[in-house]
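Here is a short note for a colleague who is opening this entry for the first time. Please keep the sequence and the 3D view at hand while reading.

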Amino acid sequence: TVEREDSMKRLWLLFTMLLCLHTAMAQQFKTSQGITTVTVVKPKSEPKAPKTKKEKSQKIEQSSGIVITAVLKSSGIIGNAYYTIGYKFNENIVAGGGVGLGGYDYDDYDTCHSGGFIIPIYLNGRYYLGKNKFRPFLNLSIGTDVFLETHREATKRSSYGLLDINPSIGVCYKLNNKLDFFIPAGYRYFDYDCHGLSFNIGLNF
């Protein structure tokens with residue numbers, strides 16, 4: 001019948017469409033299978049291994065302490081606290097400068113008594129012997145001292161500066177990684193009538 005023929009045509013058309021769709025999908029699948037995608041993965045750079053060298057010591061050395069000078073020719077005493085900062089060229093050599101504040105009281109020129117404040121300003125160099133926990137060192141300070149007189153007998157009060165040269169030798173003891181204790185002694189020269197033996201105690205940090 002006519003209806004049966006129409007149904008057959010429709011089924012045949014549907015079958016043909018499905019076949020074409022299947023063929024196209026199969027061809028696409030074969031094509032995709034034939035393409036090989038190569039992905040190049042660059043290896044991640046490994047982190048640099050930490051340095052095996054020993055940690056470098058700090059390049060700056062700071063010192064503070066008290067120095068007492070017993071004046072020889074004219075009886076008296078000079079004392080001051082100080083602060084020094086220096087650059088460490090290596091484990092043995094340190095160079096820098098510093099400033100201090102203190103007082104003095106002595107018989108000046110064997111004729112009058114004077115006293116007042118003292119402000120040292122100086123350059124400093126130090127050489128350590130060895131690298132042990134307990135080590136000796138050589139020290140040299142060169143600068144000037146400003147004397148501010150507060151009392152003086154027989155003459156008028158004044159302010160003046162003198163050359164200050166203080167070589168010394170001492171010992172240094174390492175308390176921990178950041179703190180050293182030192183005791184030097186030496187000779188301190190201001191001028192012909194003002195010089196004497198110096199004794200020092202302080203800390204490096």
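The numbered points below go from the whole chain to single residues.

1. **Confidence.** This is a predicted model. The mean pLDDT of the chain is 79. A score of at least 70 is reached by 63% of the residues. Where is confidence lowest, and where is it highest? Helix 1, residues 2–34, is lowest with a mean of 61. Strand 2, residues 76–88, is highest with 93. Please read the helix with that in mind.

2. **Layout.** The chain has 1 helix and 8 strands. Along the sequence the order is α-β-β-β-β-β-β-β-β. The helix therefore comes at the start of that pattern, under the DSSP numbering from the N terminus. Take contacts between residues at least 6 apart in sequence: 53% of them join residues at least 24 apart.

3. **Surface and burial.** The chain counts 205 residues, and 30% of them are buried. Its accessible surface is about 14,500 Å². Carbon and sulfur atoms account for 65% of that surface.

4. **The largest core.** Which residues make up the largest nonpolar core? There are 9: Val-71, Ile-78, Tyr-104, Tyr-106, Ile-118, Phe-147, Leu-162, Phe-190 and Cys-194. Three of these names return in a ring cluster, where ring pairs link Tyr-104, Phe-147 and Phe-190. As background, nonpolar side chains tend to be buried together in soluble globular proteins.

5. Cys-194 belongs to strand 8, residues 194–204. Is Cys-194 buried or exposed? Its relative accessibility is 2%, so Cys-194 counts as buried, the cut-off being under 20%. Beyond its neighbours within four places in sequence, Cys-194 is in contact with Val-71, Ile-78, Tyr-106 and Tyr-189. Ile-78 is 116 residues away from Cys-194 in sequence, yet their C-alpha atoms are 9.9 Å apart.

6. Phe-137 deserves a look of its own, and the next points return to it.

7. **Aromatic pairs.** How many aromatic pairs does the structure hold? It holds 5. In one of them, Tyr-87 and Phe-89 have ring centres 5.0 Å apart. Their planes stand at 80 degrees, so this pair is edge-to-face. Tyr-87 is partly exposed, at a relative accessible area of 37%. Another pair joins Phe-137 and Phe-182, with centres 6.1 Å apart. Here the planes are at 85 degrees, so this pair is edge-to-face as well.

8. **What the Phe-137 pair connects.** Phe-137 sits in strand 5, residues 134–152. Phe-182 sits in strand 7, residues 180–191. The pair therefore ties together parts that lie 45 residues apart in sequence. Both Phe-137 and Phe-182 are buried.

9. **Charges over rings.** The charged end of Arg-126 sits over the Phe-137 ring, 4.5 Å from its centre. Arg-135 lies over the face of Tyr-128, at 4.0 Å from the ring centre.

10. **Tyr-173.** This residue is in strand 6, residues 159–174. Tyr-173 has 36% relative accessibility and so counts as partly exposed. Leaving out residues up to four places away in sequence, Tyr-173 touches Lys-133, Phe-134, Leu-179, Asp-180 and Phe-181. Asn-132 is 41 residues from Tyr-173 in sequence, and the C-alpha distance is 8.7 Å.

11. **Tyr-187.** Tyr-187 is in strand 7. At 33% relative accessibility, Tyr-187 is partly exposed. Its contacts, again not counting residues up to four places away, are Ile-165, Asn-166, Pro-167, His-195, Gly-196 and Ser-198. The C-alpha atoms of Tyr-187 and Asn-166 are 5.7 Å apart, with 21 residues of separation along the chain.

12. **Asn-176.** Between strand 6 and strand 7 runs a loop that holds Asn-176. Asn-176 is partly exposed, with a relative accessible area of 39%. Phe-205 is 29 residues away from Asn-176 in sequence, and 9.8 Å away from C-alpha to C-alpha.

Methods
Residues numbered from 1 in each chain as written. Heavy atoms only, no water. pLDDT = per-residue confidence, 0-100. Helix = DSSP H or I, 4+ residues; strand = E, 2+ residues; numbered from the N terminus. Phe/Tyr/Trp six-rings, centres within 6.5 Å; stacked < 30°, edge-to-face > 60°. Buried < 20%, exposed > 50% of the residue type's maximum accessible area, 1.4 Å probe, protein only. Lys NZ or Arg CZ within 6 Å of the ring centre and 35° of its normal. Core = buried A, V, L, I, M, F, W, Y, C linked by side-chain atoms within 4.5 Å. Contact = heavy atoms within 4.5 Å. Areas by Shrake-Rupley, 256 points an atom, 1.4 Å probe, with all protein chains shown as cover.
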